[in-house]
Amino acid sequence: TPGTVRMPSSVQVVLLSGRCEAVELNGASLVGDALRRTSEALGVEVHTLVSEDGSEVLDHPSVPVGATGLFSGGTWTAVVQPPSVRIWGGASAFAAVTADGRLVSWGDRDRGGDCSAARDRLSGGLRFIDCTGNAFAAVADDGSVVTWGHPSSGGDSSLVQEQLQGGVQTLFHTISAFVALKENAQVVAWGNPKEGGDLGNALRDELAGGGGGGVLSVACSSQACAALLSDGSVRTWGHIRVAPADMREDLQGDVAAVFASQTAFSALKRGGRVLTWGELPHMRPEVVDLLKSGVCRVFSNHAAFAGVREDGSVVCWGFDESGGDGTLRNVPVQDRMPSRIRHIYNTANAFAALSDEGSVVTWGHRDYGGNSSSVQDHLVAGVRELSATKSAFAALKDTGQVVAWGCAAHGGDCRRHELALKEGVNRVFATWGAFAALKDTSGPVLAWGHRFYGGIIPTHTALRLKCGVRELFCGGAAFAAVKEDGEVVTWGRPELGGDCSAVHATLQSAPRS
């Protein structure tokens with residue numbers, strides 16, 4: 001129906017064996033919902049969904065469906081068997097679950113690198129792990145939660161531990177607080193109370209009493225949260241400017257999804273209207289008009305939003321220097337925008353739109369990747385996917401070539417590996433300030449960017465990454481590779497996860513596939 005936010009009724013999901021099922025997605029607001037429905041349809045536990053062209057790998061349950069390619073339907077591959085070692089990266093540490101179910105962590109001990117106390121509280125296997133800036137939270141198979149790391153960043157959940165004994169479906173986080181969404185559509189928050197860790201008595205009582213029919217999903221800025229309720233209304237808490245009085249009534253129903261930048265929220269209503277509030281500059285009249293209807297998808301970076309309209313055009317709002325004005329060198333980005341946008345990627349202060357045809361258009365702060373003129377000839381067609389540090393982009397092409405732009409020191413200059421990156425690259429990964437490329441299907445691994453973020457691989461480590469690499473994982477300042485024999489190899493800032501020697505024996509003792 002014109003003027004409405006459309007969700008696909010189903011997607012086709014196939015197992016590597018060739019079995020195919022149609023999975024209904026009506027009402028699925030999170031990737032976790034899609035994974036559960038896929039598992040039910042196939043009769044096996046599905047850990048990951050991979051898009052047909054391999055450009056998207058979905059395994060984190062709290063990612064909104066509307067921000068993924070699932071929004072467009074298509075055919076997806078279901079991955080049943082997880083890696084022998086599953087790893088999650090945080091700002092200052094890594095956490096891992098070995099093949100035999102043991103919890104391991106390394107990095108800054110005070111900020112998530114020491115999970116010994118949490119390990120003792122675990123009962124059964126682990127489903128997934130989430131992290132704030134300085135703490136981790138793990139959801140067990142029985143829906144219980146254990147936490148560790150800096151107490152004021154969510155590492156201490158003792159005040160709500162009784163509510164976390166079971167039934168947790170997924171987790172969300174601000175920079176210093178967690179929010180758990182439970183099977184009964186209730187939410188539990190802990191961590192820094194001023195930054196999302198406390199619902200407040202009034203909201204807590206309202207939700208506990210069934211207000212709004214329960215919570216569907218939560219969007220988090222750096223210091224605040226916005227919950228979308230079953231009746232289409234929105235509730236917020238944390239450090240955030242409340243919605244203006246004339247907007248509050250419009251947030252009491254018919255909201256389809258909520259999105260967040262670092263300091264603001266945008267609510268997408270079912271009629272394609274967008275409501276936005278928080279720390280944002282005054283919007284120009286023409287932008288206000290474009291947000292009244294017709295928007296079907298919303299993306300954000302740290303300080304701006306980009307909305308895709310039903311006619312394929314893009315409308316931007318937020319801080320101009322972060323891409324909120326939708327221009328590059330005073331030229332409207334819309335004049336260069338492809339007709340069908342597959343996805344919009346972001347650094348901290350720039351956007352890059354990837355079209356279905358594989359072309360890329362960028363805008364925003366030039367030092368953060370908003371200006372791609374130096375590599376534009378490589379971006380007119382054939383781009384498969386993009387990766388981003390905080391201030392640079394890297395494009396992986398169908399030919400296996402990689403091109404990069406943005407802040408040179410943080411990954412925008414890959415000329416050091418220019419010849420090696422011309423072909424054969426399979427995937428590209430990013431920390432906050434460096435990229436790592438996995439060539440062919442199992443190595444070698446190449447890295448570039450700032451050495452403090454893993455942009456330089458020490459010679460003795462590079463030799464171990466020449467072949468046999470199964471998967472790469474990234475934290476804020478370090479990378480971790482899992483090899484086919486189960487070995488874990490790390491590099492980057494040693495004290496922030498780049499050195500796993502203290503737990504190497506534990507990681508290696510897991511059964512090898």
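Biologist: Where does His60 lie, in terms of the strands on either side?

Modeller: His60 lies in the loop between strand E4 (57-58) and strand E5 (75-79), where strands (E, at least two residues) are DSSP runs numbered from the N terminus. This is a predicted model, in which local features need pLDDT of at least 70 and side-chain atom pairs count only at pLDDT 80 or more, while totals for chains, interfaces and linings use all residues. Residues are numbered from 1 along each chain as its sequence is written, and side-chain values use heavy atoms, with hydrogens and water left out.

Biologist: Which residues is His60 in contact with, leaving aside its neighbours within four places in sequence?

Modeller: Contact means heavy atoms within 4.5 Å, and with those sequence neighbours set aside His60 is in contact with Val31, Ile129, Asp130 and Leu171. Ile129, counted in the same way, is in contact with residues including His60, Trp88, Leu103 and Trp148.

Biologist: How should I read the largest nonpolar core, and which residues touch the most other members?

Modeller: In soluble globular proteins, nonpolar side chains tend to be buried together. A nonpolar core is a set of buried Ala, Val, Leu, Ile, Met, Phe, Trp, Tyr and Cys residues joined through side-chain atoms within 4.5 Å, and buried means under 20% relative accessible area (1.4 Å probe, protein chains only). Here the largest core has 29 residues, and among those that touch the most other members are Ile129, Leu171 and Trp148. Strand E10 (135-140) is one of the elements that give two or more residues to this core, and E10 gives the most, with six residues.

Biologist: Why is strand E19 described as largely enclosed by the rest of the structure?

Modeller: In a regular strand the side chains alternate between the two faces of the sheet. Six of the six residues of E19 (residues 264-269) are buried, so this strand is largely enclosed by the rest of the structure. Both faces are covered, with Ala264, Ser266 and Leu268 buried on one side and Phe265, Ala267 and Lys269 buried on the other.

Biologist: Which strands pair with E19?

Modeller: Strands of a sheet pair through backbone hydrogen bonds, either parallel or antiparallel; two strands count as paired if DSSP finds at least two bridges between them. Strand E18 (residues 255-260) pairs with E19 in the antiparallel sense over five bridges, and Phe265 in E19 is the bridge partner of Ala260. Five bridges also join E19 to strand E20 (residues 274-278), again antiparallel, with Leu268 standing opposite Val274 in E20. In the hairpin of E19 and E20, which has four residues between the strands, Gly272 takes a positive phi near 85°.

Key: Buried < 20%, exposed > 50% of the residue type's maximum accessible area, 1.4 Å probe, protein only.
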